[in-house]
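Me: I'm new to this one. Can you walk me through a few spots in it?
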Amino acid sequence: MNYNKSIFYMIISALAFALMNLFVKYLEGFSVYQIVFFRAIGTLAFTIPLILKQKIPFLGSQKKLLLIRAVVGVISLTSFFLSLNHLAVGTAVSLRYTAPIFAAILAVFLLKEKIKPLQWILFLIAFLGVLIIKGFGEQINTLGLVLIFVSAISNGLVFVLIRKIGKQDSPLVIINYFMLTALIFGGLMSISNWKTPSQIEWLILLSLGVFGYVGQLYMTKAFQTGKTSIVAPFKYVEVIFTIAVSTFWFLENYSLMVLLGIAIIIIALISNTLYASKK
């Protein structure tokens with residue numbers, strides 16, 4: 001098996017998601033709902049033609065679960081974008097990566113899955129990283145922290161719902177439900193405070209969906225062509241890239257203690273991924 005290819009796919013995915021996050025930060029002059037709206041348009045431009053071309057049933061077979069996943073996904077996405085108004089983008093991305101912890105905990109109750117004692121310890125270590133960020137990060141805003149954890153918890157629930165949906169519905173249908181819901185929600189919520197973009201802003205807004213789609217596509221390819229234990233840790237390239245670029249682009253400052261907290265979260269979650277994949 002060519003792991004170099006799968007690792008390359010995951011790095012492309014991480015960079016695409018990082019660029020999307022940085023552009024969202026750049027678009028702070030727009031309402032979050034307008035950003036959600038354009039994020040959806042860019043992705044639907046890919047998913048709808050592919051569904052039609054492949055003659056996949058547009059509404060899927062598990063409509064209720066698909067709709068719930070879409071609504072929860074919109075809550076997660078909107079909360080994340082809102083948090084970027086209050087947190088440094090690198091900090092927000094790092095804290096959102098606690099989603100797998102919440103997914104594992106929710107899976108215990110919703111899917112009757114089990115968590116090994118060592119996994120609980122690694123989860124606690126990751127939360128120690130969160131406490132370090134909150135305790136020593138001067139720029140950590142309480143509202144931003146609440147929003148990012150709403151995003152992480154709801155994103156964790158998305159993971160569980162996707163697992164429950166399983167392979168009965170195409171990933172394209174799952175993404176399409178999500179983006180159609182985001183399109184309707186974002187469009188309705190942005191009517192009252194719509195801002196007409198400039199030419200460059202039109203390009204950036206529409207690129208959000210493109211980056212989101214590319215990130216999702218190459219992440220899927222990475223997991224299809226390589227072992228989870230080898231591929232998954234490279235997801236965190238997104239955090240490193242985001243912090244590096246945001247430091248120079250937005251002149252955001254990350255204290256050593258905040259960087260330590262971020263490192264602890266990443267190491268604990270990578271360790272959990274490696275351990276879980278070997279069970």
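**Notes on a predicted model**

Reply: Leu67 is partly exposed, at 46% relative accessible area; buried is under 20%, exposed over 50%, and partly exposed in between, with a 1.4 Å probe and protein chains only. This is a predicted model, where local features need pLDDT of at least 70, side-chain atom pairs count only at pLDDT 80 or more, and totals for chains, interfaces and linings use all residues. Residues are numbered from 1 along each chain as its sequence is written, and side-chain values use heavy atoms, leaving out hydrogens and water.

Me: What is Leu67 in contact with, leaving aside its neighbours within four places in sequence?
Reply: Tyr177 and Thr181, with contact meaning heavy atoms within 4.5 Å. Leu67 and Phe178 are 7.7 Å apart, C-alpha to C-alpha, though 111 residues apart in sequence.

Me: Switching to Asn4: buried or exposed?
Reply: Asn4 is exposed, with a relative accessible area of 61%. From Asn4 to Val32 is 37 Å in space, C-alpha to C-alpha, and 28 residues in sequence.

Me: Which residues line the largest cavity?
Reply: Among them are Val24, Phe30, Val32, Phe81 and Asn85. A cavity is a set of points on a 1 Å grid over the protein atoms alone where a 1.4 Å probe fits but cannot get out, and lining residues have an atom within 4 Å of a point.

Me: How much space lies in the largest cavity?
Reply: About 40 Å³, a volume being the space filled by probe spheres set on the points, which are joined across faces, edges and corners.

Technical notes:
On a 1 Å grid over the protein atoms alone, a cavity is a set of points where a 1.4 Å probe fits but cannot get out, and a pocket is an open set with protein on both sides within 12 Å along at least five of seven lines; lining residues have an atom within 4 Å of a point.
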